Amino acid sequence: MTTPGRNWPVSFKKSTPEALKTSIMSNLEYRLAKDQYSATGYDLFLSAAYAVLERLVERWIATQQTYHRINSKRVYYLSMEFLLGRSLENSLINLGLYDICRETLEELGLDLEATRRYEVDAGLGNGGLGRLAACFLDSMATLGLPAQGYGLRYEFGLFNQRIANGRQVETPDNWLALPNPWEIERPEYCFKVRFGGTVEHKKDAFGRDDTVWSGGQEVLAMPFDTPVPGYAVNNVNTLRLWTSKATEEFDLDDFNMGDYMAACGSKLFSENITKVLYPNDNFFEGKELRLKQEYFLVSASLQDIVRRFKVDNTDIGRFAEKVAIQLNDTHPALAIPELMRILIDEEQLDWNRAWDICVSTFGYTNHTVLPEALEEWPLELVARLLPRHLEIIYLINHSFLKEVARRFPGDQERLRRMSIIAEDGERRVRMAYLATIGSHSVNGVAELHSRLIRETILKDFYELWPAKFSNKTNGVTPRRWIRVSNPGLSGLITETIGEGWIRDLDRLRELEPYADDAAFQDAWREVKLHCKQRLADSVWNQEWIEIHPDSMIDVQVKRMHEYKRQLLFALGIIGTYIQMKENPAHRTVPLTCIVGGKAAPGYQKAKLIIRFINHIADIVNTDPDTNGFLRVSFLPNYRVSLAERLIPATDLSEQISTAGKEASGTGNMKFALNGAVTIGTLDGANIEILEEVGPDNIFIFGRNADEIAGLRAGGYSPREHIEGSALLKEVLRLIGSDFFATSEPGLFRPLHDELTRRDEYFLMADFDAYFSARTQAMHAYVDKKRWTRMSILNVARCGKFSSDRTISQYTEDIWGVAPVEVRVPGVGNK
C-alpha cells in the first residue's frame with residue numbers, strides 16, 4: 001500500500017512526525033494549560049485535533065482567496081440537517097496525514113483509535129437527509145467546487161437513546177458540552193433576523209413602490225465555520241452553521257424594576273430558536289419553533305450570500321450568474337420569498353427582473369413522496385411570523401395561477417390543485433409547491449422516486465414544465481464510508497488495484513476478475529471477520545451486548561418508521577425462531593439479527609415496535625433450543641460513529657421498505673460498498689443496486705410500487721394473505737397470545753390488530769416472499785465461496801453510488817459551476 005502523507009498537498013515541514021508532535025504538545029500546554037499529569041483523554045484528543053486544524057487553515061484561507069480572486073460562481077447548499085459524525089479521522093485521511101498522526105501519537109504513548117473515540121458525534125441530523133448533506137460537502141470539496149454549506153448550530157442534537165426495560169428513553173444530546181475544536185466563531189458576520197412586525201406600503205421620492213417591514217422581534221444570527229477538506233486536493237470549503245443570539249442580552253430597565261425574568265426574556269426567546277434539532281411537532285408550539293428555525297436559516301444565509309456576492313460584484317442583476325442555491329428538501333423553501341424580498345424591498349428591482357433572478361438561482365431536491373412529510377404551514381402562523389413573506393407568496397401564487405390558466409383554460413380544478421395556498425379545511429402554505437414554482441430545477445433522488453414525483457405529488461407541475469424535472473440518484477462518499485470506516489477492506493482493495501478508486505469509485509470494477517480467486521476470497525473473508533470482531537468488542541465494551549463474530553450478521557439500521565418495516569424484520573425473526581425451535585434441520589447457520597434506530601419522541605407506534613423487538617430478543621436469546629443459532633440485539637443510540645463499526649461487519653443488509661415509499665436510501669449503498677449482500681424490495685435505490693450487481697448477487701422480494709398501488713386501489717385485505725400462509729398464522733398467533741408479553745398481557749395487541757385488520761404498509765402481502773428470500777440468503781451463506789463471490793461483486797459493481805458522481809451531475813445539469821484549483825505556496829499542488 002502507498003503511504004498517506006507522500007505526494008499530498010501538505011507542506012513537508014508541517015507533515016513530519018516531529019512537527020506534528022510539537023504542535024500537539026504545544027496545544028496541550030499553551031492552548032489548554034495542561035501537562036502530562038493533568039491532561040485528560042479529551043484534552044489529548046483536543047490537542048491532536050487542533051494540530052490537524054492548524055494544517056487545514058492555510059489551505060482554508062487560500063481556498064477562499066482563490067474563489068474571490070477569480071470571482072467564481074459558487075454553490076450554496078441549504079439544509080436543516082448536516083449529520084457529520086466525527087471529523088478527526090476523516091480530516092487525517094483527506095489530508096494524507098493518517099499514518100503520520102498514528103506514528104506521532106504512538107511516540108507519545110497514545111493510540112489513534114483510542115484518541116478518536118473521545119470525539120463526540122456532531123449529531124445535527126435525524127438520519128439520511130443530514131448524512132447525505134455531509135457526503136455532498138465532502139464530494140464538493142474533493143471535486144474542487146466553490147461551494148459552501150449552510151445549516152443551524154443546534155445546541156442539542158437529536159436526542160441520545162438508551163433502552164430501559166425494552167423501552168426507548170430519550171436523553172439530551174448536549175454535543176457542545178465540551179469544546180468543539182473544529183469550529184471557528186465569526187462574530188464579524190452576524191446578521192439580524194426579524195419575526196412578526198408590520199408591513200407598510202408607500203411611495204419613495206421618485207414615485208416608486210417602497211415596502212418597509214418593521215417592528216416585531218429581531219434575533220441575531222451568529223455564524224460558526226467548520227472546514228471541509230477535499231481528498232488529495234488543497235480545496236477546503238466551509239460549512240457555516242448559525243446560532244441564535246439576542247440582539248440585547250439584558251434589559252436593564254426591566255431589571256431595575258425588579259422583573260428579572262422579563263429582563264432576560266429577549267435572550268431566552270432568541271436562543272431557543274437553535275436550542276434543539278427539530279422539536280416534536282405534534283404540538284402547535286413545536287410547529288411554530290420549527291418554522292422559526294427554517295426562516296432563521298434562510299434569512300441569515302441569504303444575507304450572507306448577498307454580502308459575499310457584493311464583495312466582488314456591483315450589479316445585483318448578475319446574481320444568478322455567480323450564485324447557485326440548492327434547497328435540500330422543502331425546509332429551506334422560504335429562501336424563495338426571502339430572496340424576492342431582498343431584491344425588491346432592499347435592492348429596488350422590479351418584480352419581473354427579481355423573479356427571473358430568483359428562479360435562475362434556486363434548485364430544489366425533493367426527498368419524499370409521503371403526503372404527511374410534505375410541509376404545509378398554517379396560513380395564520382405564516383402571517384403572524386412573516387407578514388411580508390406571505391404577501392410575496394400571494395403575489396407568486398397569483399402570477400403562477402395566471403400562467404396555469406393560460407395553459408389550461410377553464411380547468412378550475414387544476415388551479416385549485418396547483419395553488420400554493422391549500423383551501424381545504426385550514427388554509428395552508430404548500431412548501432413543496434413554492435419550492436417547485438420558484439426553482440429552475442426539481443429533482444428526485446432515485447429513478448423510481450423521480451418517476452413517482454412526476455406521476456403523483458407533482459404530476460400537474462410536470463405536465464406544465466417537464467424540462468424542469470430530472471433525477472439525481474443519491475450517493476455516499478467513499479472516503480468516510482470505506483476508507484475511514486473499513487480500513488481493512490480499503491487496504492485490501494488498494495493493494496489489489498491501487499488507490500485511484502478513492503477518487504474514482506468506478507475503478508472498483510477492476511476487482512471483478514478476483515471474485516473467484518481463492519487467495520483473494522480468503523483475504524476478503526479475513527477482513528470481514530476482523531470487522532465483526534471489532535464490532536463485537538466495541539458493542540460489548542459500550543453496551544454489554546454480545547455479538548458472535550462467527551455468525552451471519554443480519555442488520556436493519558435506520559430511522560424507526562412504519563414504512564421502513566422494521567416490524568417485517570421482526571416477523572421474519574419470529575418465523576426463523578419457530579422453524580429453528582421446531583426442527584433442528586433449520587439450524588444451518590448461526591444468525592445474529594441486529595436492529596438499530598431512533599423513534600421520534602411522539603411516534604408511539606414506532607416506540608412500541610422497539611419494545612416488541614427487545615421483547616423478542618429476551619425470549620429468543622434465553623431459549624436453550626435456539627440460543628446457539630439465533631440471537632437478536634437492538635443496538636441503542638444509532639449514530640454515525642456506530643454505523644462506521646456496524647456496516648463493515650454486516651453480511652445481510654435489510655432494505656425492506658414498502659415499495660414506493662423510500663425516496664432512495666443511502667444506507668443500502670453503504671452496506672453494499674462494504675460487501676454486505678442486500679435483501680430488499682423494489683424500492684428507492686434498491687432497484688438501481690439490482691441493476692448494477694445483477695439478480696444473482698441480491699435477494700429481491702415483494703410487490704413493486706405499481707402492484708402496491710393496485711392492492712391499495714382494489715380494497716386490500718390482509719386476511720387473504722394471512723389465511724394462505726401457515727407460518728404467518730403461527731407468527732401472529734404467538735403475538736396475539738402474548739407469548740412475547742407474558743408480564744404485560746395485551747402490550748402488543750395494537751401491532752397484532754394493525755397487521756390483521758388494516759396493514760397500511762402491506763407486511764402481510766409481502767411476508768411469504770420475504771421469508772423465502774431470507775431462507776435463500778441463509779442457504780447461500782452456507783456456501784462460503786458463493787457468498788464471498790457475491791460480497792466481492794457487490795463492492796466491485798457499486799461504484800455508481802459515489803456522491804462524487806451525484807455531485808458531478810448536479811454540477812453539469814443544475815448548477816453550472818466549474819472546479820477551481822487551489823494552489824498554496826510551499827504546499828504540494830496537483
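**The surroundings of Ser802**

Modeller: In this predicted model, Ser802 touches Gly475, Val476, Pro478 and Leu505, when residues up to four places away in sequence are not counted. Ser802 itself belongs to the loop between helix H34 (784–796) and helix H35 (803–815). Is this residue buried or exposed? Ser802 is buried, because its relative accessible area is 3%, and buried means under 20%.

One of the contacts of Ser802, Pro478, leads on to helix H21 (residues 478–484), which also holds Arg480. The side chain of Arg480 meets that of Glu644 in a salt bridge, with an N to O distance of 2.7 Å. This pair links distant parts of the chain, since Glu644 lies in helix H26 (residues 640–649), 164 residues apart from Arg480. Both Glu644 and Arg480 are buried.

A second salt bridge joins the side chains of Arg507 and Glu510, at 3.0 Å from N to O. Arg507 has a relative accessible area of 29% and is therefore partly exposed. Glu510 likewise counts as partly exposed, because its relative accessibility is 34%.

Lys581, at 34% relative accessibility, counts as partly exposed, and Asp625 is partly exposed with a relative accessible area of 37%. Turning back to Arg480 and Glu644, salt bridges that share partners join these two residues with Glu89, Glu113, Arg116, Arg117 and Arg645 into one network. A search of the whole structure finds 74 salt bridges.

Three strands form an open sheet in the order S15-S17-S16, and their pairing is antiparallel. Its edge strands are strand S15 (376–378) and strand S16 (421–422), each of which pairs on one side only. Strand S15 and strand S17 (residues 428–430) run antiparallel and are joined by three bridges. Within this arrangement, Trp377 stands opposite Val429 in S17.

These parts may now be placed within the whole. The protein chain has 35 helices and 25 strands. Its radius of gyration is 27 Å, close to the 28 Å that the globule rule gives for 830 residues, so the chain is as compact as a globular protein of that length. Along the principal axes, the C-alpha atoms fill a box of roughly 90 × 75 × 60 Å.

Of the 830 residues in the protein chain, 61% are buried, and Ser802 is buried too. Among contacts in the chain with a separation of 6 or more, 77% are between residues 24 or more positions apart. The accessible surface comes to about 31,400 Å², and carbon and sulfur atoms account for 51% of it.

Terms used
Residues are numbered from 1 along each chain as its sequence is written. This is a predicted model: local features need pLDDT of at least 70, side-chain atom pairs count only at pLDDT 80 or more; totals for chains, interfaces and linings use all residues. Side-chain values use heavy atoms; hydrogens and water are left out. Helices (H or I, at least four residues) and strands (E, at least two) are DSSP runs, numbered from the N terminus. Buried means under 20% relative accessible area, exposed over 50%, partly exposed in between (1.4 Å probe, protein chains only). Contact means heavy atoms within 4.5 Å. A salt bridge is a side-chain nitrogen of Lys or Arg within 4 Å of a carboxyl oxygen of Asp or Glu. Two strands pair if DSSP finds at least two bridges between them. The radius of gyration is taken over C-alpha atoms; the globule rule is 2.2 Å times the number of residues to the power 0.38. Accessible areas come from the Shrake-Rupley method with a 1.4 Å probe; for residues, only the protein chains shown count as cover.
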